[in-house]
Amino acid sequence: VAIDGVTFGYETNKPVLRKVSFRAEPGQFIGIVGPSGAGKSTLVNLIPRLYDVWEGEIRIDGMNVKDISTESLRRHVGIVSQEVYVFSGTVAENIAYADPDCTLADIIHAAKIAGAHDFIEKLPDGYDTIVGTGGHQLSGGEKQRLSIARAVLHNPKILILDEATASLDTETERQIQEALERLMRGRTTIAIAHRLSTLRNADYLVVVERGSIVEEGTHEELMAKEGIYFNMVKKHDEALKMRGIAG
């Protein structure tokens, strides 16, 4: 995935991103960090063409995304975000949304990778339990596992994680993180995370501030620079320590 000189905004003459460039090699794990409102989610939403860039271009395997059919593009790009959509239907139907032609065996296999199989088995009707509007209500962690199972079934070449564990408690987050790591194997992954600890294993980090890339490099390189990322990590670690004391 190559992001090349990309400028974009939602309103005319109000760019949210300014001349952003970076690349993700096949199978690489890229982490995107930065304060709220820096343009991180906007950036990842441009890859599957939820919006079109104003300037510059986004290429996948050397092809401009504007020259790839929307259907093909979205087949190869999977997104797991903080907001999980659960529609009214069975658990199996919710997972199969990514691939309506799949078998029950495929659904169960995806649920096991996502760490969802055990809780689904305990539901009143297992995989046939109605969830969503008027059905059984799932917890945040359970919804997120369904979302990951959907992504496993989708089997995209490029995986985008947009704050996928942001609204979960620490223990659930740890379990979800393990499921995400299983999902990420062998895929090009671009991840935005509020909790920096989830990005320590990234091959490369991009720091975004006010719509521009202000730092980039590995975790070790950015810590050695003692710049913006270094300060973010320090603040993050101090906040965790304080929470530990409070808890």
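Helices (H or I, at least four residues) and strands (E, at least two) are DSSP runs, numbered from the N terminus. The views show a predicted model, in which local features need pLDDT of at least 70 and side-chain atom pairs count only at pLDDT 80 or more, whereas totals for chains, interfaces and linings use all residues. Residues are numbered from 1 along each chain as its sequence is written, and side-chain values use heavy atoms, with hydrogens and water left out.

**View 1. Y10 in the loop between β1 and β2.** Y10 is found in the loop that runs between β1 (2–8) and β2 (17–23). Its relative accessibility of 45% makes Y10 partly exposed, where buried means under 20% relative accessible area, exposed over 50%, and partly exposed in between (1.4 Å probe, protein chains only). Together with L50, Y51 and I79, Y10 makes a nonpolar surface patch of about 370 Å². Such patches are made of residues with over 30% relative accessible area and no salt bridge, like charges being joined within 9 Å and nonpolar side chains (Val, Leu, Ile, Met, Phe, Trp, Tyr) within 5 Å; the areas come from the Shrake-Rupley method with a 1.4 Å probe, and for residues only the protein chains shown count as cover.

**View 2. T42 in helix α1.** T42 lies in helix α1, which spans residues 40–45, and counts as buried because its relative accessibility is 8%. Leaving aside neighbours within four places in sequence, T42 is in contact (heavy atoms within 4.5 Å) with F8, Y10, V16 and L17. The C-alpha atoms of T42 and V1, which are 41 residues apart along the chain, are separated by 16 Å.

**View 3. The salt-bridge network of D4, E57 and R59.** These three residues, D4, E57 and R59, are linked in a network of salt bridges, each defined as a side-chain nitrogen of Lys or Arg within 4 Å of a carboxyl oxygen of Asp or Glu. R59 pairs with D4, the closest N and O atoms being 3.1 Å apart. Because R59 lies in strand β4 (residues 55–60) and D4 in strand β1, this pair ties together parts that are 55 residues apart in sequence. In the salt bridge between E57 and R59, the closest N and O atoms are 2.8 Å apart. R59 is buried at 18% relative accessibility, whereas D4 is partly exposed at 35% and E57 is partly exposed at 29%.

**View 4. The salt bridge between K14 and E11.** K14 forms a salt bridge with E11, with the closest N and O atoms 3.5 Å apart. K14 is exposed, with a relative accessible area of 51%, while E11 counts as partly exposed at 48%.
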